[in-house]
Amino acid sequence: MAEAALKAPGAPEEAQDQTDGFNLMIDALKLNGLTTIYGVPGIPITDFGRMAQAAGIRVLSFRHEQNAGYAAAIAGFLTKKPGICLTVSAPGFLNGLTALAHATTNCFPMILISGSSEREIVDLQQGDYEEMDQLAIAKPLCKAAFRVLHAVDIGIGLARAIRAAVSGRPGGVYLDLPAKLFGQVMDAEAGKKSLVKVIDAAPAQIPAPSAIKRALDVLKSAKRPLIILGKGAAYAQADEAIKAFVEKSGVPFLPMSMAKGLLPDTHPQCAGAARSTVLKDSDVVMLIGARLNWLLSHGKGKAWGDAPKKFIQVDIEPKEMDSNVEIVAPVVGDIGSCVAALLDGMGGSWTKGPADWMGAVSSKREENVAKMAPRLMNNNNPMDYHGALGVLRTIIKERPDAILVNEGANTLDLTRGVIDMYKPRKRLDVGTWGVMGIGMGQCIAAAVETGKPVLAIEGDSAFGFSGMEVETICRYNLPVCIVVFNNDGIYRGTDVNKAGSDPAPTVFVKGSRYDRMMEAFGGVGVHATTPDELKRAVNAAMDSGKPTLINAAIDPAAGSESGRIGNLNPQSKLKKK
Ligand code: ADP
Ligand code: TPW
Ligand code: MG
């Protein structure tokens, strides 16, 4: 498609039979089906963005690279193709780097492409414009990092980046493109030949039959089995096979945050509302695309109870096995292949997991659901989290195709617990690091990649990390409804500084009106003080598809320090001693 693209600035007029770095990069992306770029323009990539747009690539221009990076990372999770983030050198690159590290940590495929300064000057440290040895800095924070110095290597460079991002355990890849590369000219025919279409970028990894047999033997021996589904299982897009396996097994399943909806949270086998019971009382635990990291208390300690446990783990990354506790049945392979092999191995006569155990889990779950129900129906003014979430929960139930983006502390933990998800990959959140700031980037990518409406439930602090992107949402007119749970601060809005006149570190301006930020850019802003008002405003936004921000006033005293993870504060450990 080099012919269709704009000519590089300064390219000679007669260059019909010539191509250049700009066009080769665009052609290489398109050849590999990478047709969306999230980024921020500037030297040396301004023209690249323009030319990519002219060549039919969707270029989404953000207000800060970190948000573009979070968009690219979640695009990777949603599509199984590397999300592309494009930035300028040094400061732009560094702004994008947090998101690249986040993608790697969460096993999302992403490629951060940054322009860089003159190699010779950078290497001699002579002080170039935005000078920085970006490749060296990126390396420890991503899965792989490459630099392309010659136009003829653009094709192979991008091919390497794509493979590194999506094969095996997915992750972030850095691709360094020095300014000079874009203007390099070469013969168009030779350029075309130099491009590489990556074939089978994430090859199936078939598990060994002996590993499948071992895993099924352990599962069969269980009295109180449990399946834990993680976001790797959601990523794998093996939804039907996973559902069939879980149902055939008759084993209760616990979805990790971003695996909610892989099977509906209302499924009779879902143990989401009986989490502490199943962790404590289970005797065999099968992990599918979930790591035994801090989010699962490393597979040991109080949360897991005293009874001995056997772990089965299904994961594409062999080194994940035994990372925290002994894995008695490791199953290494891609989840699609592994779950298909497990199903196959179960044959026609598999006896479902013990019914008394499933029954005990169900009654615990019903008990917990019943306990929560009245709290979700309150119409208090000022609202508390439960009153507000009660109405949002119904809205998601009525609109199961909508994508839910969620960040904050109390806002995160309570939303995760209260709002049932019904379909795979509909819940996007802070991920493995619990990072604040993913919100608006995820909203934008979710709307762009899926075409579905997006509902974001944001703590007021969390929202502030990426809030300026409401302009981006308005500019591209995306169907995004943001609800800011405004409790005047981080965790609570009630802290007082007793030592002076400065406000306490965790509180914000009281009674802020985040809705007016959306109005500033032509979107709809609503101030909601009751669950009824909130419900009306969200339904209107979801019906109209207009960019909307609802400032939901939450009682500043309603939240608790750090939400559900207050125990991780060093202070709380001191107090216990
Ligand atoms: P959660 O936070 O939901 O518990 P994690 O991010 O900790 O999930 O774990 C996801 C796991 O899934 C990682 O160990 C990763 O290697 C694995 N994974 C990702 N994609 C696949 C896949 N296609 N097949 C198998 N395992 C995968
Ligand atoms: C990049 C630390 C965890 S949660 C949070 C912060 C600052 C905000 C909580 O307040 P919010 O929610 O959003 O108003 P609520 O309902 O409890 O009041 N910097 C980064 N990531 C993290 N996790 C932090 C700081 C943090
Ligand atoms: Mg708050």
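Mentor: Welcome! A quick definition to begin: donors are N, O and S atoms within 2.8 Å of the metal. Keep in mind that this is a predicted model.

Trainee: Thanks! Which protein residues are the donors of the magnesium ion (ligand 3)?

Mentor: To count as a donor here, an atom has to be within 2.8 Å of the metal. The protein donors lie 2.0 to 2.1 Å from the magnesium ion. They are D460 through OD, N487 through OD1 and G489 through O.

Trainee: How are those donor residues spaced in sequence?

Mentor: The pattern for the magnesium ion (ligand 3) runs from D to N to G. D460 belongs to helix α19 (residues 460-464), while N487 sits in the loop between β17 (480-486) and α21 (515-519), so this pair ties together parts that are 27 residues apart in sequence. Both D460 and N487 are buried. Written out, the spacing is D-x26-N-x1-G.

Trainee: Let's turn to helix α4. Where is its kink centred?

Mentor: Helix α4 covers residues 90-106, and its 17 residues reach 24 Å from the first C-alpha to the last, close to the 24 Å expected at 1.5 Å a residue. Along the way there is a kink of about 30°.

Trainee: How many residues of α4 are buried?

Mentor: α4 is mostly covered. Its buried residues include F93, L97, L100 and H102, and among the elements that cover them are α3 (65-79), β4 (83-87) and β5 (110-116).

Trainee: Which element gives the largest share of the largest nonpolar core?

Mentor: The largest nonpolar core has 59 residues, and Y38, F77, M110, Y174, L428 and I482 have the most contacts inside it. Leaving aside neighbours within four places in sequence, Y38 touches residues that include L60, A68, I84 and V448. The largest share of the core is 9 residues, and they come from α3.

Trainee: Y38 is in strand β2. Which residues of β2 point the other way from T36 and Y38?

Mentor: In a regular strand the side chains alternate between the two faces of the sheet. Strand β2 covers residues 36-39, and T36 and Y38 point one way from it. All four named residues are buried, and those pointing the other way are I37 and G39.

Trainee: What is the bridge partner of G39 in β3?

Mentor: β2 and strand β3 (residues 58-61) run parallel, joined by 4 bridges. In β3, the partner of G39 is S61.

Key. Residues numbered from 1 in each chain as written. Chains lettered and ligands numbered in written order. Predicted model: local features only at pLDDT ≥ 70, side-chain atom pairs only at ≥ 80, totals over all residues. Heavy atoms only, no water. Donors = N, O, S within 2.8 Å, 3.2 Å for Na, K, Ca; no water. Helix = DSSP H or I, 4+ residues; strand = E, 2+ residues; numbered from the N terminus. Buried < 20%, exposed > 50% of the residue type's maximum accessible area, 1.4 Å probe, protein only. Expected span 1.5 Å × (residues − 1). Bend = angle between axes of the 7 residues up to and from the residue. Contact = heavy atoms within 4.5 Å. Core = buried A, V, L, I, M, F, W, Y, C linked by side-chain atoms within 4.5 Å. Pairing = 2+ DSSP bridges.
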